[in-house]
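Here is a short walk through a protein model, meant to be read with the structure open beside you. Take a look at it first, and then we can go through a pocket and a pair of helices together.

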Amino acid sequence: MCVEGFHIYLDFQETARNIAESNVTDLTTDGLLELNYQLSNNYKGLEDSFFTLVKNTFQDTPGYSAVVNENNQIVYDDFISYDTEQQMVLTYKTNPEDMEVIQFNQLTQQHVQQFNQYIRKAYQEDNCKEFSIYISKSKDKITYLKINQQEIINENYTSIKEYSLIEYTSKEIKYAHTISNRDAYLLDYEDMKEKSRKIVEKKMKLYNNEYSGKVDIDYHLDGNNLYIISEIYDSYPNQNNQTVGLVKIDYTYHSDGIVMDIFEMTIQAKQKVYILASLMSLCMSLVISYMLTRRIKKIDQSTQQIANNNFNVKLNEKSHDELGTLSKNINIMSQQLKQTIEQLNQEIAKVKELESLRKDFVNQFTHEMKTPLGIINGYSELIEETENEEEMDKYLSIINEETTIINQLIQAMLNLS
């Protein structure tokens with residue numbers, strides 16, 4: 001699955017690059033090649049007159065253009081917005097088909113700037129996607145104008161109409177709203193220019209003064225925008241062979257998100273291949289899972305038998321993976337447990353044998369002690385009863401003999417201990 005994911009990633013990049021290349025116009029590539037030719041033959045350096053030529057070359061092609069010197073520094077850049085008409089398109093609240101267009105020549109520059117600031121802040125910071133416009137006119141002059149809660153113009157007015165803002169286009173931003181699906185987007189040209197500048201600066205670090213002399217196409221993904229980068233790097237003999245980069249960045253907007261759009265196109269283009277590859281990956285995963293699960297179950301069964309004191313189980317150690325190492329260690333553990341238990345059983349048998357000998361010894365010793373003690377006790381009583389000295393001496397002699405026997409038994413016991 002990881003391999004398939006990597007393939008999708010590569011196809012995604014290829015699709016994005018194809019989209020970028022298909023959206024590059026002849027005006028862009030021809031313009032870059034012409035600028036490259038002019039810089040090689042008619043200019044001795046990066047002069048202001050050349051920057052003017054760059055501006056004039058791309059004045060009819062909206063987007064970002066830049067010139068980079070041999071030190072990878074941007075020495076000239078410009079941004080031309082995509083819309084020339086500065087206006088607002090409104091629809092009447094009660095009748096969406098009733099539309100009105102407000103040209104910006106009806107407003108002062110300060111009014112337009114207030115609109116720009118409010119829409120930019122509300123959309124980007126407050127996540128406001130819909131705007132209501134309140135207008136009052138007197139003889140085609142706007143006497144009252146408000147966007148949401150922000151008043152722009154407040155002069156003498158009679159009646160106020162409420163509209164929905166469908167489209168707003170200025171030199172700084174473009175806002176568009178679709179009533180049917182309540183979707184909206186905002187293009188901030190100043191933000192796009194700044195991001196384009198950062199893209200160029202980042203790419204400069206990768207070039208290291210290398211040059212090809214031809215137009216290369218690259219891309220950058222950012223939110224809903226696809227940044228299409230056309231660039232040419234060349235070395236100019238008339239300028240001490242310094243390397244100069246000429247860059248033009250165009251844009252395409254995708255309301256649902258450029259990443260999702262490219263991803264869907266990538267999947268649709270090779271849908272059958274991905275399905276077949278996914279099925280093959282699934283089958284392989286099931287086979288590998290079965291093989292691993294079977295070995296794990298075998299190990300589990302073996303450990304249960306070892307727990308039941310069956311140490312004759314032997315696992316397969318041929319595999320050189322982690323399960324093979326585990327099986328080898330379990331086999332070693334099983335044999336060591338078997339040897340340890342056998343040694344313990346032998347020790348237990350010895351202890352039992354010694355205990356039996358001890359009991360036998362105590363029984364025999366007790367028996368041997370009882371006889372002389374009984375004799376001593378009996379003759380001691382006879383000595384107390386007799387008055388005949390000969391008999392008394394005889395009894396004492398017997399007692400001494402029995403005492404010697406007892407002493408011998410005690411001495412033998414001490415020797416054994």
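Which element gives the most to the lining of the largest pocket? Keep in mind as you look that this is a predicted model. The answer is β10, with four residues in the lining.

Let's stay with that pocket for a moment. Its volume is about 230 Å³. The lining is made up of 15 residues, and those closest to the centre of the pocket are L186, D188, D191, K195 and N225. Besides β10 (183–188), the elements that give two or more residues to the lining are α4 (109–124), α5 (189–207) and β12 (225–236).

Now move to the helix pair. Two packed helices are described by the angle between their axes and the distance between the axes. For helix α2 (residues 26–41) and helix α3 (residues 48–57), the packing angle is about 160° and the axes lie 10 Å apart. Because an angle over 145 degrees counts as roughly antiparallel, α2 is roughly antiparallel to α3. The crossing of these two helices, α2 and α3, is right-handed.

Which residues make the contact? On the α2 side they are G31, L35, Q38 and L39, and α3 brings F50, L53, V54 and T57. By class, this contact between α2 and α3 has five nonpolar and three polar residues, with no charged ones.

How values were computed. Residues numbered from 1 in each chain as written. Predicted model: local features only at pLDDT ≥ 70, side-chain atom pairs only at ≥ 80, totals over all residues. Heavy atoms only, no water. Axes fitted to C-alpha atoms, helices over the stretch in contact; angles between N-to-C directions. Parallel < 35°, antiparallel > 145°, perpendicular 65-115°, else oblique. Left-handed = near helix turned anticlockwise from the far one by under 90°. Contact = heavy atoms within 4.5 Å. Nonpolar A, V, L, I, M, F, W, Y, C, P; charged D, E, K, R; others polar. 1 Å grid on protein atoms, 1.4 Å probe; cavity = no way out; pocket = protein on both sides within 12 Å on 5 of 7 lines; lining within 4 Å. Points joined across faces, edges and corners; volume = space filled by probe spheres on them.
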